[in-house]
Amino acid sequence: RFNPPDVPTDKDTYYGKVWPYGPAAFPDFFKNETVLWWQGQVKNLHDTLPFDSLWFDMNEPSNFEALCPKNKLDYPPIRSSVIFSNNQLSARTLCMVTEQGEKGEYRHYDVHSMYGLTGLIATRKALDATIGKRGFVVT
């Protein structure tokens with residue numbers, strides 16, 4: 001894991017910094033355990049404040065301080081005007097070498113564009129299970 005030094009770490013969550021400045025957690029929605037955990041979070045929120053729809057905002061893994069090791073995925077040997085910050089592909093997002101999935105079978109490099117989709121699918125499943133009918137999710 002390549003987490004900022006001032007935030008906790010564990011094997012299932014990736015951390016970065018976004019606004020307001022402080023740690024932000026990025027759950028690994030490629031794991032079934034995470035999807036079940038997310039369902040519990042949605043239910044807990046619903047138990048406190050009933051709702052039948054959710055707004056799934058900031059669903060991209062934005063990270064203003066990517067602390068990534070030097071490697072060919074995060075620092076590709078090409079130059080491009082779309083790559084910010086020292087030719088770093090992972091600028092403002094998770095490190096490309098971050099492992100995701102049940103057994104770490106994916107690199108973030110391969111699933112970056114699917115992060116928001118997997119979070120949205122988990123949110124929809126959690127909402128439907130929580131309210132017992134088809135809910136509405138805005139993203």
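Biologist: Is Cys95 buried or exposed in this predicted model?

Modeller: Cys95 counts as buried, at 3% relative accessibility. The cut-off for buried is under 20% relative accessible area.

Biologist: What is the relative accessible area of Cys68?

Modeller: For Cys68 the value is 12%, so this residue is buried too.

Biologist: Which residue does a disulfide join to Cys68?

Modeller: The general idea comes first. A disulfide is a covalent bond between the sulfur atoms of two cysteines. Here Cys68 is joined to Cys95, with 2.0 Å from S to S. The count comes to one disulfide. The pair links distant parts of the chain, 27 residues apart. Both Cys68 and Cys95 sit in the loop between β3 (53-55) and β4 (99-100).

Biologist: What is the handedness of the link?

Modeller: The link of Cys68 and Cys95 is left-handed, with -95° about the S-S bond.

Biologist: Now the helix. What should the 17 residues of α1 span?

Modeller: At 1.5 Å a residue, helix α1 (residues 32-48) should span 24 Å. The C-alpha atoms at its ends lie 25 Å apart, which agrees.

Biologist: Which residues of α1 are buried?

Modeller: Thr34, Val35, Val42 and His46 are buried in α1. They cover an arc of only 115° around the axis, so they lie on the same side of α1. The general idea is this: an α-helix has 3.6 residues a turn, so residues three or four places apart point the same way.

Biologist: Which residues are exposed on the other side of α1?

Modeller: Glu33, Leu36, Asp47 and Thr48 are exposed there.

Biologist: What do the buried residues of α1 pack against?

Modeller: They pack against β2 (22-27), β3 and α3 (115-131).

Conventions. Residues numbered from 1 in each chain as written. Predicted model: local features only at pLDDT ≥ 70, side-chain atom pairs only at ≥ 80, totals over all residues. Heavy atoms only, no water. Disulfide = S-S within 2.5 Å. Helix = DSSP H or I, 4+ residues; strand = E, 2+ residues; numbered from the N terminus. Buried < 20%, exposed > 50% of the residue type's maximum accessible area, 1.4 Å probe, protein only. Expected span 1.5 Å × (residues − 1). Arc of directions from axis to C-beta. Contact = heavy atoms within 4.5 Å.
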